[in-house]
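Reader: I have a structure open and would like to learn how to read it. Could you take me through a few features, one at a time?

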Amino acid sequence: MKSDTMAKLAGGWAVPLGGDALFTWDYDAGTEQMLNLYSRGKQRQWDAETQLDWSHDVDPDNPLGLPDEFIWIAGTRVWERLPEAERTTVRQHIAGWLYSQFLHGEQGGLVCSAKVVQAVPDIASKFYAATQVMDEARHVEAYQRMLQAKIKVHYPISTGLRGLLEAIIGDSRWDITYLGMQVMIEGLALAAFSIQRDRMRDPLAQALNAYVLQDEARHVAFGRLALRDYYSQLSTAELREREDFAVEACWVLKDRFVGEEMWRKLDYGAEECIALANRSPAQREFRRRVFTRIVPTLKDINLFGPRMQESLRELGVLGFSRVDGAEISAEDERIADEIARLEFATRQREVSAVIAVGAGSDDGDDDCEDEG
Ligand SMILES: [Fe+2]
Ligand SMILES: [Fe+2]
């Protein structure tokens, strides 16, 4: 990933925008599928301010209700050595690091979807992408509130996420914005949010992520729809460039999201903690969910040539091409709908019950993972 185009600002970050803004005079164009997606995008906006119960008090020692099995170093020698007060710090910092990355990633989604509005050639896709801009703004709002009011530990953007965003936003080819954001980063988001929805014990964290997930499932569907048509027209050489981009992003997703900055800050032997985290069962579940979401989409959009399959085999994730991505997305919507029907006052027990029933749906298939 390039880093020479990055310029840091006080309190911000400037990334040059590649590409042209396209106008169309054909205001009637658009496939039925795209217009349907636009309708759903309009109708399914929710308001984090009223939809979620912000009066709920999280446990300050463990704001997400993070089970020990999701602490990357739990069960290791390093963990056994830590006194209880330090373990509390780890729980708070994992929540802070994760939700900070969610927040920065959502801002990335906001910037990328705004770029898509400008760069996509047809009017129906511009309409749809405009609904996504609003979705991502609402997500930024919700994660910021969760961090500010409940978690209270903040981290800057991780190097892995920053590199991905920079490569996506700076590329002048419009489809790379889709491929990078709608397929790769949204795939990462779907995996991370579904773990929050299904495995955390705090009902606010569960509900927030369930609502966000139903929107993200729509965003992936948009990328799939647009890229499937476009990639069927590209030459072998052009497809190969896209496959290389996707493979590079897959490696980043596989190895670079284990809280590196956090382990350096906590200082229990950062390199050892990062290595332990990379081998942990929590990371294994995360990877399984990431590639359950991404690999079927790559196949669906025709980025599945022999070289791509070989790279996915090397990554140990080729088996996920057998998963039905559309079915998992439908399940995300169903769970969010069901949670929305419940009153929060009585929700703590019921949310967990709904999630327990649905959780199995996102587990993909353990047999799909090729690595040991
Ligand atoms: Fe989002
Ligand atoms: Fe999104």
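Predicted model: local features only at pLDDT ≥ 70, side-chain atom pairs only at ≥ 80, totals over all residues.

Reader: Which residues coordinate the iron ion (ligand 1)?

Author: They are Glu106 (OE), Glu136 (OE), His139 (ND1) and Glu216 (OE), at 2.0 to 2.2 Å. Distant parts of the chain are linked here: Glu106 sits in helix H4 and His139 in helix H5 (residues 123–151), 33 residues apart.

Reader: How do I read the arrangement of the four donor atoms around the iron ion (ligand 1)?

Author: Start with the general idea: ideal angles at a metal are 109.5 degrees for four tetrahedral donors. In this case the four donor atoms around the iron ion (ligand 1) subtend angles of 88 to 144°, so the arrangement is irregular. To count as tetrahedral, all angles would have to lie between 85 and 135 degrees.

Reader: What does Glu136 bridge?

Author: Glu136 bridges the iron ion (ligand 1) and the iron ion (ligand 2), which lie 3.3 Å apart.

Reader: And what coordinates the iron ion (ligand 2)?

Author: Its donors are Glu136 (OE), Glu186 (OE), Glu186 (OE), Glu216 (OE) and His219 (ND1), at 1.9 to 2.6 Å. Along the chain they follow the spacing E-x49-E-x29-E-x2-H. Glu136 lies in helix H5 and His219 in helix H8 (residues 203–231), so this pair ties together parts that are 83 residues apart in sequence.

Reader: Now the helices, please. How do I describe a packed pair?

Author: Two packed helices are described by the angle between their axes and the distance between the axes. Take helix H4 (residues 84–119) and helix H7 (residues 174–199): their angle is about 150°, and their axes are 10 Å apart. That makes H4 roughly antiparallel to H7, because the angle is over 145 degrees. H4 passes H7 in a left-handed crossing.

Reader: Which classes of residue make up the contact of H4 with H7?

Author: There are 11 nonpolar, four polar and two charged residues. Among those in the contact are Phe102 and Glu106 of H4, and Tyr178 and Met181 of H7.

Reader: At what angle do helix H6 and helix H9 cross?

Author: Helix H6 (residues 159–170) and helix H9 (residues 236–255) cross at roughly 165°, and their axes come within 10 Å. H6 and H9 are therefore roughly antiparallel to each other. Their crossing is left-handed. The contact is made by Gly160, Leu164, Ala167 and Ile168 of H6 with Phe245, Ala249, Val252 and Leu253 of H9. By class, these divide into seven nonpolar, one polar and no charged.

How values were computed. Residues numbered from 1 in each chain as written. Chains lettered and ligands numbered in written order. Heavy atoms only, no water. Axes fitted to C-alpha atoms, helices over the stretch in contact; angles between N-to-C directions. Helix = DSSP H or I, 4+ residues; strand = E, 2+ residues; numbered from the N terminus. Parallel < 35°, antiparallel > 145°, perpendicular 65-115°, else oblique. Left-handed = near helix turned anticlockwise from the far one by under 90°. Contact = heavy atoms within 4.5 Å. Nonpolar A, V, L, I, M, F, W, Y, C, P; charged D, E, K, R; others polar. Donors = N, O, S within 2.8 Å, 3.2 Å for Na, K, Ca; no water. Tetrahedral: all angles 85-135°; square planar, octahedral: opposite > 155°, others 65-115°.
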